[in-house]
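I opened this entry to keep track of what I looked up. The notes go from the whole chain to single side chains.

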Amino acid sequence: PQAPQPKGTLAAGTYQARHIIIATGACPRVLPGLEPDGRFVWTYFEAMVPQAIPRSLLVVGSGASGLAAALTVALHGGRPLVIERSHLFGGTSATSGGTIWIPNNHLIGPAGGSDSEAEALEYLQTLVGNDATDARIRAFVTEAPRMFRFLDERAGLRCESLPRYCDYHPELPGGKPGWRS
C-alpha cells in the first residue's frame, strides 16, 4: 500500500518550469537529463548570482539556499514551487541547529563584532582548500551578506549575530570566535 501524502504535497507526475534548482545544498546532486547548465538548471551557486530573477522556479530540495531562492522569486512577483522528498523541510540547515553562517553580514557590527571580506576570504580559502573554486568562494563571500540583508529587510527574516558561536576552526587565518552565525 502507498503511504499517505503529507498535507500540501504533490503526487507523482510531471512538473514543468523554465528554471530549476536541483539539490541546492552544499553537495548538489546531478539528475540524469537535468545536468546543471547555469542557464535553466542551477545549483545553489547559480541561484546565488542569477543573471535575472525568473518568473517561475522549481526548487528541488528545501534547504536554506533553495528556500531563500524561492522566497526571492516570490518577493519579486514570481511563482516558485518547492518540492521535498522528506516529510520535513529545511535540509541540512534544519539539522545544524538552525543557524546560518554568513560572514561580514550587517548584524555583526551592531552586535559588537567585526568582520571583513578579506578575513572571510582568507578563512574560507584556508578551510576549503581545493574543494571549491576561488570564484565560488568569492561569490559566497560577496553575495551571501547581500542575500542576508535582503531577507532581513524584505522578507522579515529575524536573526541575531551570536558572539559565542565560533567558526568551525576559529584558529585558522581569518577565523572568528563568534559573530558570523
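**Entry 1: the whole chain.** I noted at the start that this is a predicted model. I looked up the secondary structure and found 5 helices and 4 strands in the protein chain. Along the sequence, I read their order as β-β-α-β-α-β-α-α-α.

I then checked burial. Of the 181 residues in the protein chain, 33% are buried.

**Entry 2: strands β3 and β4.** Which way do β3 and β4 run relative to each other, parallel or antiparallel? I found them parallel, with 5 bridges joining β3 (residues 56-60) to β4 (residues 79-83). Within this pair, leucine 58 has leucine 81 of β4 standing opposite. I followed the chain from β3 to β4 and passed through helix α2 (residues 64-75); this β-α-β crossover is right-handed.

**Entry 3: aromatic rings.** How many aromatic pairs does a search of the whole structure find? I got 2. In one of them, tryptophan 101 and tyrosine 123 are tilted, at 5.9 Å centre to centre and with 40 degrees between the planes. Tryptophan 101 sits in the loop between α3 (91-95) and α4 (117-128), while tyrosine 123 belongs to helix α4, so this pair ties together parts 22 residues apart in sequence.

I next compared the cover on these two residues. Tyrosine 123 counts as buried because its relative accessibility is 1%, under the 20% cut-off. Tryptophan 101 has a relative accessible area of 23% and is therefore partly exposed.

Tryptophan 101 also pairs with phenylalanine 140: the ring centres are 6.1 Å apart and the planes are at 5 degrees, so I logged this pair as stacked. Why does this pair tie together parts that are 39 residues apart in sequence? Phenylalanine 140 lies in helix α5 (residues 134-154) and tryptophan 101 in the loop between α3 and α4, which means the pair reaches across that separation. Phenylalanine 140 is partly exposed, with a relative accessible area of 22%.

Entry 4: I recorded Trp101, Tyr123 and Phe140 as a cluster linked by ring pairs. Tryptophan 101 takes part in the tilted pair with tyrosine 123 and in the stacked pair with phenylalanine 140.

Terms used. Residues numbered from 1 in each chain as written. Predicted model: local features only at pLDDT ≥ 70, side-chain atom pairs only at ≥ 80, totals over all residues. Heavy atoms only, no water. Helix = DSSP H or I, 4+ residues; strand = E, 2+ residues; numbered from the N terminus. Buried < 20%, exposed > 50% of the residue type's maximum accessible area, 1.4 Å probe, protein only. Pairing = 2+ DSSP bridges. Right-handed = clockwise from strand over helix to strand, strands pointing away. Phe/Tyr/Trp six-rings, centres within 6.5 Å; stacked < 30°, edge-to-face > 60°.
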